[in-house]
Amino acid sequence: MRRLFLPTLAALAGLMVAAGPAQAVYMSFESDFTTWAGSDGTSTSPVSSSTGHLPGSECGWAVTYDGATGRAAPGWLTQGDIGGTPTAASFYHKIPPGNTTARARFSTVLPKCWRERGLENVRMRVDYGMKYAFGYHSDRGSIQITYPTNNGQFNAYMRVRHHPDNVTYPHTMIQPLRNGGSHYGVDTLYLEDGDGNPRYIADEWHDWSADVVYGEYADYGTYGGQTHWAYWNVYLDGEHLLFGGENGSPVFGGRTYSFRTFTEAVSGEPYIGLGELQWAGHWDFECDYVNFTPEPASLLLLAFGGLLMRRRRV
Ligand SMILES: [Ca+2]
């Protein structure tokens, strides 16, 4: 009897954890950049919430780091259009004429709830639509996603480059970067088609998703016994992008992830940022939307519950 009772209690506890962050489903937001004001350093765009629970007026897109005004030609950040409809954030700078590198961040903080409480029991999903121009060669990347927990804040940039002149790798290149811009431990991904030929996604709109969960007690023994990790899945048009390498394709909670990060002294309010996030002489990309959806980490709990059920049958 006791053998059955304990697992049942554990399963109930798991359900309570799942039900606990009920705020998760409504503390989400969408941003589609159809409403827009200003340009360059004065650009702003609001967020909305289809769940009817606005995350609060503190959320909304604005330039929070401006290393472009006076360095890049005016028009480095404007509202772009899709098929004639103004509905995108458009980033452009190319030397010459400015003949200089520039850097800017257009960002929104996460809802106050998650900034204060942390997301360690919550799976965070960020969906975004991007079009990267042919020849675009980002430095740190065009999107930065921070993931706050009570055990530290995790961070990733998604660097995408097109190498039209690179004979060895004439593919679209994808690299997740950690705080500070390093990509150690994660192999670079060069996109290929089904036949192994180089694949470009330049000048096309594509849907991306970053899906993050928190997991501790996973000491990989590489970085000073780090026990706090975030596990990231990245999808391109629904296809799971897998990376090899030391930290690529880790398995956690029975699922395979694209890569993992640990806390690296990421400070300040957690946010999602767009822009060229390091000094670079050529930016050329547009963003159609960014949607933020925290959800209870139900998949992990289901896996946990499944394990308990199997045990009960023994
Ligand atoms: Ca849009």
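Visitor: What percentage of the residues in the chain is buried?
Guide: This is a predicted model. A residue counts as buried if 20 or more other C-beta atoms lie within 10 Å of its own. The chain has 314 residues, and the buried share is 35%.

Visitor: How many strands does the chain have?
Guide: Helices number four. The strand count is 19.

Visitor: Among contacts between residues at least 6 apart in sequence, what share joins residues at least 24 apart?
Guide: A contact here needs C-beta atoms within 7 Å. Take the pairs at least 6 apart in sequence; the share that joins residues at least 24 apart is 71%.

Visitor: Which residues touch the most other members of the largest nonpolar core?
Guide: In soluble globular proteins, nonpolar side chains tend to be buried together. Here the largest nonpolar core holds 59 residues. Those touching the most other members are Ala89, Val212, Ala230, Trp232 and Cys287.

Visitor: Which residues does alanine 89 touch, leaving out those up to four places away in sequence?
Guide: Alanine 89 is one of the core residues that touch the most other members. Its contacts include Phe33, Ser45, Leu77 and Gly80. The list also holds Phe106, Leu274, Glu286 and Cys287.

Visitor: Which residue in the turn between β4 and β5 has a positive phi?
Guide: β4 (residues 77-82) and β5 (residues 85-94) run antiparallel, joined by six bridges. Aspartate 81 stands opposite proline 86 of β5. The two strands form a hairpin with two residues between them, and the turn residue with a phi of about 60° is glycine 83.

Visitor: Which strands stand at the edges of the eight-strand sheet?
Guide: The sheet is open and its pairing is antiparallel, in the order β2-β3-β6-β18-β8-β9-β10-β11. An edge strand has a single partner, so one of its sides is left without a neighbour in the sheet. That describes β2 (44-45) and β11 (189-190).

Visitor: In β11, which residue is the bridge partner of methionine 173?
Guide: β10 (residues 172-177) pairs with β11 over two bridges, in the antiparallel sense. Methionine 173 has as its partner tyrosine 190.

Visitor: Is arginine 159 buried or exposed?
Guide: Arginine 159 is found in strand β9 (residues 152-162). Apart from neighbours within four places in sequence, its contacts are Ser138, Arg140, Gly141, Gln175 and Leu177. Because it has 22 C-beta neighbours inside 10 Å, arginine 159 counts as buried.

Visitor: What distance separates the C-alpha atoms of arginine 159 and glycine 141?
Guide: Along the chain, the two residues are 18 apart. Their C-alpha atoms are separated by 4.0 Å.

Visitor: Over which residues is the pLDDT below 50?
Guide: The mean pLDDT of the chain is 82, and 80% of its residues reach 70 or more. One stretch below 50 has 19 contacts beyond near neighbours in sequence; another has 16 contacts beyond four places in sequence. The former covers residues 1-21, and the latter covers residues 299-314.

Conventions. Residues numbered from 1 in each chain as written. Core = buried A, V, L, I, M, F, W, Y, C linked by C-beta atoms within 7 Å. Buried ≥ 20, exposed ≤ 12 C-beta atoms within 10 Å, placed from the backbone. Contact = placed C-beta atoms within 7 Å. Pairing = 2+ DSSP bridges. pLDDT = per-residue confidence, 0-100.
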